[in-house]
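Visitor: I would like to go through this model step by step. Please show it first.

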Amino acid sequence: MSTKIGIIGDGHVGCTIAHELIISGLVDDLVMIDVNEGKVNADAVDFEDAMANLPYHTNVVVNDYDALKDAEVLISTLGKISLETKGDRFQELEYNKKQLQPITESIKKSGFNGILLVISNPVDAITNLYQQLTGLPKEHVLGTGTLLDTARMKKVVAKKFNVDPRSISGFALGEHGDSQFTAWSTVKVLEQPITELAKSASWSLDDLEDEIKTGGQTVFMGKHYTNYGVSAAAVRIVRAILTDSHTELPVSSYQEKYGTYMSYPTIVGRNGIEAKIEIALTSEEEELLEQSAQAIKEKSQA
C-alpha cells in the first residue's frame with residue numbers, strides 16, 4: 001500500500017520536510033502546493049533529479065489539490081517569516097488568516113479526510129483556525145507545538161550532563177511562543193529528577209531556561225528562519241501517524257479544559273490524537289499553563 005502526503009507551503013520548512021520524507025522512504029506520493037509556481041516546480045524537478053541516486057522512489061505532484069483526496073497526512077507550512085521582525089510568531093497571524101480561507105475551501109473540495117498537521121505560525125492559533133474552517137474532527141488536526149521547544153530543552157540538559165538528548169525525558173508545555181515554559185518537574189536525566197540534581201549544583205534551572213530560549217533566538221537571528229529542528233519534529237509526528245506507533249508527544253492539540261489548542265502530552269497514532277495524558281504538575285506549573293492558554297486566546301482575538 002502506497003503512502004501519500006501533501007505539503008502546503010514550499011518555503012524553508014516545506015522543502016526541508018519534503019526532502020526528509022523523500023530520503024527516509026516515508027512517502028511514495030508527495031503532493032507539493034505553493035503559490036510560487038516557479039519555486040515549487042523547481043523543487044519538484046530537483047527532487048526528481050535526485051531519484052536515481054536515492055534508495056527510495058517518490059512520485060511528486062505539484063499544485064493539485066484534487067490529489068489530496070486519498071492523502072494520509074497533509075502538512076501546512078504556509079507563512080511569511082519575514083513578518084516576524086521581533087521573533088513574535090503572532091506577527092504572522094493576520095497574513096496567514098487571509099491565506100487560510102481559499103486553502104481550506106480547496107482542502108474540503110478535494111475530499112481530504114486524513115490527518116492535518118500544522119506548523120504555520122502562530123501554530124496554536126492557526127491549528128485552531130484550520131480545524132474550524134475544514135470541519136475536520138479535533139483529533140485529526142494537530143500542530144507541532146512545543147515538540148521543537150522540548151527538543152531544545154533536551155539539547156541544553158544533555159550538554160550539561162554530557163549525554164545523548166534522547167536520554168532526557170520531560171516536556172516544554174503551553175504556547176509555542178512567548179508564554180511557553182519548561183515543566184521542570186517532568187524532566188529526568190541520569191534517571192533522576194533534574195529538580196533534585198539542581199538543588200546541590202552551582203547552576204540553576206533558570207540558567208538552563210535562558211539557554212533554551214537563547215538557542216532558538218540564535219538560529220533565527222543568524223539566518224532569519226528555522227527549518228531543520230522543526231522539520232525533524234514534523235517528520236517524527238508523521239512517522240508516529242503512519243506507523244500507528246501511539247507515541248507520547250507534546251503536540252498542539254485541543255484542550256477542552258482551557259478552550260484552545262496548545263501543547264500538552266498526547267498519544268499520537270494513525271487517528272491523530274489517540275488519547276490525552278494527564279501529568280502531575282506543580283501548582284506553579286499549572287498556573288503557567290493557565291496563563292499560556294489565556295495568552296493564546298487573547299492574542300488570537302487581538
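Visitor: In which sense do strand β1 and β2 pair?

Guide: This is a predicted model, in which local features need pLDDT of at least 70, side-chain atom pairs count only at pLDDT 80 or more, and totals for chains, interfaces and linings use all residues. Residues are numbered from 1 along each chain as its sequence is written, and side-chain values use heavy atoms, with hydrogens and water left out. Helices (H or I, at least four residues) and strands (E, at least two) are DSSP runs numbered from the N terminus, and two strands pair if DSSP finds at least two bridges between them. Strand β1 (residues 4-8) and β2 are joined over five bridges, and the sense is parallel.

Visitor: Which residue of β2 is the bridge partner of isoleucine 8?

Guide: The chain goes from β1 through helix α1 (residues 12-24) to β2 in a right-handed β-α-β crossover; right-handed means that, with the strands pointing away from the viewer, the path from the first strand over the helix to the second runs clockwise. The β2 partner of isoleucine 8 is isoleucine 33.

Visitor: Why is strand β2 described as largely enclosed by the rest of the structure?

Guide: Buried means under 20% relative accessible area, exposed over 50%, and partly exposed in between (1.4 Å probe, protein chains only). In a regular strand the side chains alternate between the two faces of the sheet. Here Asp29, Val31 and Ile33 point one way from β2, Leu30 and Met32 point the other way, and all are buried. Strand β2 (residues 29-33) is largely enclosed because five of its five residues are buried.

Visitor: What is the relative accessible area of valine 123?

Guide: Valine 123 lies in helix α4 (residues 123-134). Leaving aside residues up to four places away in sequence, valine 123 touches Val118, Gly143, Thr144, Gly145 and His176, where contact means heavy atoms within 4.5 Å. Valine 123 is buried, and its relative accessible area is 1%.

Visitor: How far apart in space are valine 123 and isoleucine 296?

Guide: In sequence, valine 123 and isoleucine 296 are 173 residues apart. In space, C-alpha to C-alpha, the distance between valine 123 and isoleucine 296 is 10.0 Å.
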